[in-house]
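Colleague: Please walk me through this model. Keep it brisk.

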Amino acid sequence: MTAPTPAVIEAAMRLAVERSQRVKGTTYPNPPVGAVILSPQGEIAGVGATEPAGGAHAEVIALRAAGRLARGGTAVVTLEPCNHHGRTPPCVDALIGAGVAAVVYAVPDPNPVAAGGAARLRSAGVAVSDGVGAHEVADGPLREWLHKQRTGRPHVTWKFATSVDGRSAAADGSSQWITSDSARADVHRRRAAADAIVVGTGTVFVDNPTLTARLPGGGLAERQPLRVVVGKREISTESNVLNDDSRTMVIRTHDPHEVIRALSDRTDILLEGGPTLAGAFLRAGVIDRILSYVAPILLGGPVTAVDDVGVPSIARALRWRYDNVERIGPDLLLSLVPV
């Protein structure tokens with residue numbers, strides 16, 4: 001038996017990340033984890049991802065697929081295997097019982113209830129290493145879950161689309177469509193993985209959105225996020241956001257902190273409201289990431305993506321940094337996080 005090469009381990013971690021992305025949004029309150037079992041010869045023997053709550057964790061799924069090939073092999077996992085007996089037994093028990101020789105994971109588990117898996121594995125004679133693919137995992141499928149574990153509150157992403165000159169609509173108010181079909185398909189994919197989409201009553205009045213996640217063919221995605229409408233004005237009972245496509249929560253407040261508290265049982269929140277709501281959330285300091293879809297068009301006019309954010313001068317500007325820039329069709333997707 002020879003240990004898998006670093007290149008083989010890295011390839012297995014990329015596969016584990018891809019599998020975890022597939023189940024993102026379906027596993028709450030458990031994290032979306034991916035796992036790959038390599039045979040003693042370094043070949044892929046089993047692949048798994050976390051099932052919905054109450055189902056098996058990624059490692060158990062991968063071990064079932066690998067069968068006897070797991071003995072003496074290597075488990076490659078996006079998150080430190082859990083050492084906690086909740087709805088299912090600890091994953092470390094399954095790994096030890098299967099006789100794996102080594103475990104490689106990307107990021108440690110910050111949850112004190114489930115942590116300690118690495119130490120338990122080492123005490124059983126299993127070789128353990130971490131950090132492989134840590135950036136891809138922490139900024140990818142586990143971004144929101146890790147944030148919730150560390151801060152105790154949901155992760156909020158402000159998503160919006162603008163022209164290259166920063167306008168979210170033309171002078172006459174028309175905004176469909178600023179970005180391309182490719183960009184809108186990406187938005188629907190993200191909606192399907194989110195726990196909730198938040199808009200203000202102004203957006204409901206002006207755009208009458210449905211706020212659903214749709215498939216490329218136009219049909220509804222299997223999983224729909226909770227639709228949340230924020231504001232003190234009454235909305236029409238005929239509003240699209242109140243149809244039967246998904247559940248809807250109406251929160252009678254203008255305070256972003258009250259919205260966050262009302263959604264405290266969620267992990268991944270998309271803020272898709274207009275400039276007033278976006279400004280309020282920015283002033284409150286509760287936005288954790290910005291996703292800006294920028295189209296190569298010029299609109300001019302007064303309609304911008306955000307209103308007052310409480311910045312009186314350039315010296316007091318809210319500072320962010322790019323953590324990713326991606327081309328989507330003819331558009332750019334800018335991902336930013338606070339400095």
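Modeller: It is a predicted model, where local features need pLDDT of at least 70 and side-chain atom pairs pLDDT 80 or more, while totals for chains, interfaces and linings use all residues. Residues are numbered from 1 along each chain as its sequence is written, and side-chain values use heavy atoms, without hydrogens and water.

Colleague: What area is buried between domain 1 and domain 2?

Modeller: The size of an interface is often given as the accessible area lost when the parts come together. Here buried area is the accessible area (1.4 Å probe) that two parts lose on being put together, summed over both. Carbon and sulfur atoms give 47% of it. The total is about 840 Å².

Colleague: Which residues in domain 1 lose the most area to domain 2?

Modeller: The domain assignment, automatic or from a database, gives domain 1 as 6-145 and domain 2 as 154-338. Contact (heavy atoms within 4.5 Å) takes seven residues from domain 1 and eleven from domain 2. Three residues together make up 65% of what the domain 1 side buries. They are Tyr-28, Arg-143 and Glu-144.

Colleague: Which residue does a cis peptide bond join to Tyr-28?

Modeller: Most peptide bonds are trans. In this one, omega is about 5°. The partner is Pro-29.

Colleague: What is the phi of Asn-208?

Modeller: Most residues other than glycine have a negative phi. Asn-208 is not a glycine, yet its phi is positive. Asn-208 lies in the loop between α8 (201-207) and β8 (226-230). Its phi is about 45°.

Key:
Helices (H or I, at least four residues) and strands (E, at least two) are DSSP runs, numbered from the N terminus.
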